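Thank you all for coming. I would like to take you through one structure this morning, from its surface to its overall fold, and then to the side-chain contacts.

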Amino acid sequence: MADPPRAARPNPSPPSPPRPARPPLRPTKLTGRAALLAVVMCAIALSLAYPVREYIGQRQQIDQLLATQQSLSAQVKNLQEQQQRFSDPNYIEQQARDQLHMCAPAENCYVIIGNNSPAPDSTPKQTATPTSWYSKLWGSVQKADQTPRK
């Protein structure tokens, strides 16, 4: 038996409907150049991050050192003034009389002991009683142990 020619063969499946045309592909917003630019920008930012951080840290250290230098120069100035005062013999004599209760050889000096009445120009000073560190610590522990009040 001879096979019928191909063109004459009946098509067993119905013809498929024509496929709809694909919409044209829209170009992507991120091109290769833009991606490369983004990678380069990130690399630059990362390579600059450490030096900028170091620069800021050094500027803070410089500011701190300048403040220390200013306070030390003020302290030196005060010490120089004090040195000038102590180079004057009259000032030394005055300080010896006030602080050490010293008298010149020809003078009679008297010290009043037990004067209960304060001088009219001075006001009594209230000094806080010093507490030891362990008293403060124990008081803190007791205070923390108490039940909270509502």
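Let me begin with a definition: a patch is made of residues with over 30% relative accessible area and no salt bridge, where like charges are joined within 9 Å and nonpolar side chains (Val, Leu, Ile, Met, Phe, Trp, Tyr) within 5 Å. Before I use it, please keep in mind that this is a predicted model, in which local features need pLDDT of at least 70 and side-chain atom pairs count only at pLDDT 80 or more, while totals for chains, interfaces and linings use all residues. Residues are numbered from 1 along each chain as its sequence is written, and side-chain values use heavy atoms, with hydrogens and water left out.

On that definition, a nonpolar surface patch is formed by L36, L37, V40, M41, I44, L48, V52, Y55 and I56, which together have about 880 Å² of accessible area; such areas come from the Shrake-Rupley method with a 1.4 Å probe, and for residues only the protein chains shown count as cover. One of its members, V40, is found in helix α1, and V40 counts as partly exposed at 38% relative accessibility. The terms here are buried for under 20% relative accessible area, exposed for over 50%, and partly exposed in between, with a 1.4 Å probe and protein chains only.

Turning to the fold, the protein has three helices and zero strands, and along the sequence the pattern reads α-α-α. Helices (H or I, at least four residues) and strands (E, at least two) are DSSP runs, numbered from the N terminus. How many of the 150 residues count as buried? The figure is 1% of the 150, and the protein exposes about 15700 Å², of which carbon and sulfur atoms supply 59%.

Helix α3, residues 133–145, has 13 residues and reaches 18 Å from its first C-alpha to its last, close to the 18 Å expected at 1.5 Å a residue, where the expected span is 1.5 Å times one less than the number of residues. The number of buried residues among the 13 of α3 is zero, so this helix lies largely in the open.

As for confidence, pLDDT is the predictor's confidence in each residue, from 0 to 100. The protein averages a pLDDT of 82, and 74% of the residues score at least 70; by mean, confidence is highest in helix α1 (residues 32–86), at 95, and lowest in α3, at 86.

Now to the salt bridges, each being a side-chain nitrogen of Lys or Arg within 4 Å of a carboxyl oxygen of Asp or Glu. The structure holds two, and they link E93, R97 and E107 in a network. In the pair of E93 and R97, the closest N and O atoms are 3.1 Å apart, and these two residues, four apart in helix α2 (residues 89–100), are separated by about one helical turn.

Finally, a disulfide, defined as a pair of cysteine sulfur atoms within 2.5 Å, joins C103 to C109, with an S to S distance of 1.5 Å. C103 is partly exposed at 34% relative accessibility, and C109 is partly exposed at 39%.
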